[in-house]
Amino acid sequence: MNPPSETGSPSPNPAESPRYRTAGYDSDAQLLEVSLGPQHPSTHGVFRMNVALDGEDVVKLKPVFGYLHRNHEQIAEQVSYLGSMPYTDRLDYFCSLSNNWAYAAAVEKLAGIDVPERAEYIRVITSELTRLVNHTSFLGFMLSDMGAWGTVLMYAFREREKILDLFESLTGSRMMGNYMRFGGCRCDLPPGWLEQARKVVDGYPAFLDEMESLIATNEIVISRTQRIGRLPADKAVNGSMTGPCLRASGVNYDIRKVDRYGIYDRFEFRVPLGDHGDCYDRLMIRFLEMRETLKILRPALRDIPEGPVMDPKARQRNLRPPEGEAYARVEAPKGELGFYLISDASDKPYRYRVRPPSLINLTLLEDLCLGEKIADVMVILGTIDIVLGEVDR
Amino acid sequence: MAVDEGLKSELSKQGVFVTNLRELHNWGHKNSLWPLQFGLACCAIEMISATMARYDLARFGAEIFRPSPRQADLLIVAGTVTKKMAPQVVRLYNQMADPKYVISMGACAISGGPFKEGYNVLKGIDRYIPVDVSIPGCPPRPEALLHALMNLQEKIQADQLGPEDQAETAECPVPEFGEHDLEPSKNPGVWHPPQIRRGE
Amino acid sequence: MNALSTESIAARVREAVPEAEVELIPNKGPSGQDSLLIGAAKAVEIAAFLRDDPELRFDYASNVTGVDWPERVVKERVTATEEVDGETKEGKKVVETKIPGFLEAVYHLYSMERKHGPLVVRLRTGDRENNVTLPSLTPVYRGAEFQEREVYDLYGIRFDGHPDLRRLLMWENFADYPMRKDYTPPDDYEYEPTPHDAVLEKAKRHQADDGCGKGDPA
């Protein structure tokens, strides 16, 4: 499984990194220090990196966080359990419905609440649609970072709008669903929703083919992503990389398969893996994942049973889970999204913690960028796929 | 010499277009706004949506998002302004070309919105820089941004081109990081809290 | 996961790492995720053992976080037998125990190789003011680097052996630890256009203090 490590053991000190030496860095040379961000067109928001350059080669890169630190965890400890649900939408604002699911799952674990079957199906359908939204937008932003400007983004947002229409008719909002509840979902599907969703899902392969024909064999894309920012598997595991970035390095770890939460054991899908762990693998694995997502969506939309969407016994307002703690996680589009809650039997969580995949995936950003050119930093950052709402919370 | 509106409309029916320098200037100005490509949080995604295929902000003459503040004259504050980010926003505003306008998009930029109680959240960007148009919503829909842009265009159309309109905007002081909070916590030259009437 | 109970892991750790302080903390809630409280002195060795042992292989530190426990009094109702006037009576009594405050770092470990987890590992500081140093597990789990920085930033736990311990989210010269339970945010509630109850209270307090924006004081 593990290809031989090219860059050796993880080393926080760039001077000890073999990569750093192969970059031919002369210790007498003058370093140029650049602050990239927080206002930068390609940092996906207010992310900042302090980079030291030897010519064009990166010799040091320190990310600076906190420009969107809006105290989600502190606020959540001051409001009721249900009161935090709309805040979870605003963590990773591309994927609000899978955030909802992760939080609902944590509270359900904490309080011992069951979920009816139809609600489980709706959860799978909405969060897989969210995965399509996220990966599609990712392709647009990634190519935009690489210099394709708005062209790819236009295609991506055209498809995204179609799925947002589905979300809007279901939840009432384009982006911020606030849809799931402890023990189910807030409301049932509106009439005709399933047909509409089927239409979107059936149209998706054509869009993916179109996109892939634009990107996969594009000369510029290949020369700017292949062999750039390689991440060996052992390092990825030790650095807690999760999601598509981890699987691009060849580690078979998908929480939908490992934990089999919800009803994911009922669907047949494969986990795409990369060979080289470079930027190209991280880019292409999103295409493969979207195709697998469609394999989940089609049977889910076909087999969804009738029935209630809420556990009638589950309390929403004034929920007081018994004393204890719980950690629940889901495979969000960007990686492992977990919620860790401690209850002291009151109506507010004593401790509320979000495990943000975007922040933790950035741990290895410096290792990926060392020895690469400054222009590749944006490509590498783009392939990690971060959202600042989740990085800083 | 002012031309009477009725006469103007009558003339335009005959194919004669009457205008004056002020109107011509404002007409050109309002339809060629260059916004700064600057997103803060969730609202930025809706701002991008507004420029993309379905909503197409370009129809209103504001499509060229500039990455550099020196080339921009419209700042769309799209998202939560944190205290750590506030000095940077003020700096960006100071660096923009005159005459410049600010749209504060979304509940967070207006007042802190849902995150108001956070220790690191600025309770409204109007504490540091003057705001022309505010858009409520969390996040506002792209149509709301289009509406805000049209409101701003009306405002520009009414520009008198007098000496006070031509004057350079004074630089807003950039707040500094203190041990507990930003210092100063507001710019009194810009921010005038509305009067609160209690006990009614 | 269920093949490996938390208790058996604790036993294996005690066996493998001499002088390791390991205590099982049961979880009363329905989730049943028990945790291991380990002593700070041998924490790095224990973590390395958990990571490298071929059967456990907890090679992936998923979640690292801090918890603040201020000094608190726990009231417990216990049944006690008392002798009153020669008769034995069964009565309920409330016993109060005072628990001194401490800070806690919680690690959730999983195994990517063997696909089990989570194992919840806790470390506790001596108190909340002076004795707040814990060993950093970043040398063992690289993925803990930013999360330990975040815990330092928000809770003020100092991690010994961390390669780059700086504030992560707040600015450098920020003085407070804002996620602690006794933190008071700066008072800037001059004007509240759409207040909900808690914010309105804060605004009223502010306006009572300095009279800013008081308008009509009727």
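Tutor: A polar contact is a pair of N or O atoms within 3.5 Å, where within protein one must be able to donate a hydrogen and the other to accept it, and residues adjacent in sequence count only if both atoms are side-chain atoms. Between domain 1 of chain A and domain 2 of chain A, six residue pairs are in polar contact, both at pLDDT 80 or more. This is a predicted model, in which local features need pLDDT of at least 70, side-chain atom pairs count only at pLDDT 80 or more, and totals for chains, interfaces and linings use all residues. Residues are numbered from 1 along each chain as its sequence is written, and side-chain values use heavy atoms, with hydrogens and water left out.

Student: What are the bounds of domain 1 and domain 2 of chain A?

Tutor: The assignment, automatic or from a database, gives 14-64 for domain 1 and 72-392 for domain 2 of chain A.

Student: Why is the pair A:Asp57 and A:Lys373 called a salt bridge?

Tutor: The term requires a side-chain nitrogen of Lys or Arg within 4 Å of a carboxyl oxygen of Asp or Glu; the side chains of A:Asp57 and A:Lys373 meet at 2.9 Å, N to O, and therefore qualify. The count between domain 1 and domain 2 of chain A is two salt bridges.

Student: What is the area buried between domain 1 and domain 2 of chain A?

Tutor: Buried area is the accessible area (1.4 Å probe) that two parts lose on being put together, summed over both, and here that comes to about 2000 Å², with carbon and sulfur atoms giving 65%. Counting contact as heavy atoms within 4.5 Å, 22 residues of domain 1 touch 18 residues of domain 2 in chain A.

Definitions and conventions:
Chains are lettered from A and ligands numbered from 1 in the order in which they are written.
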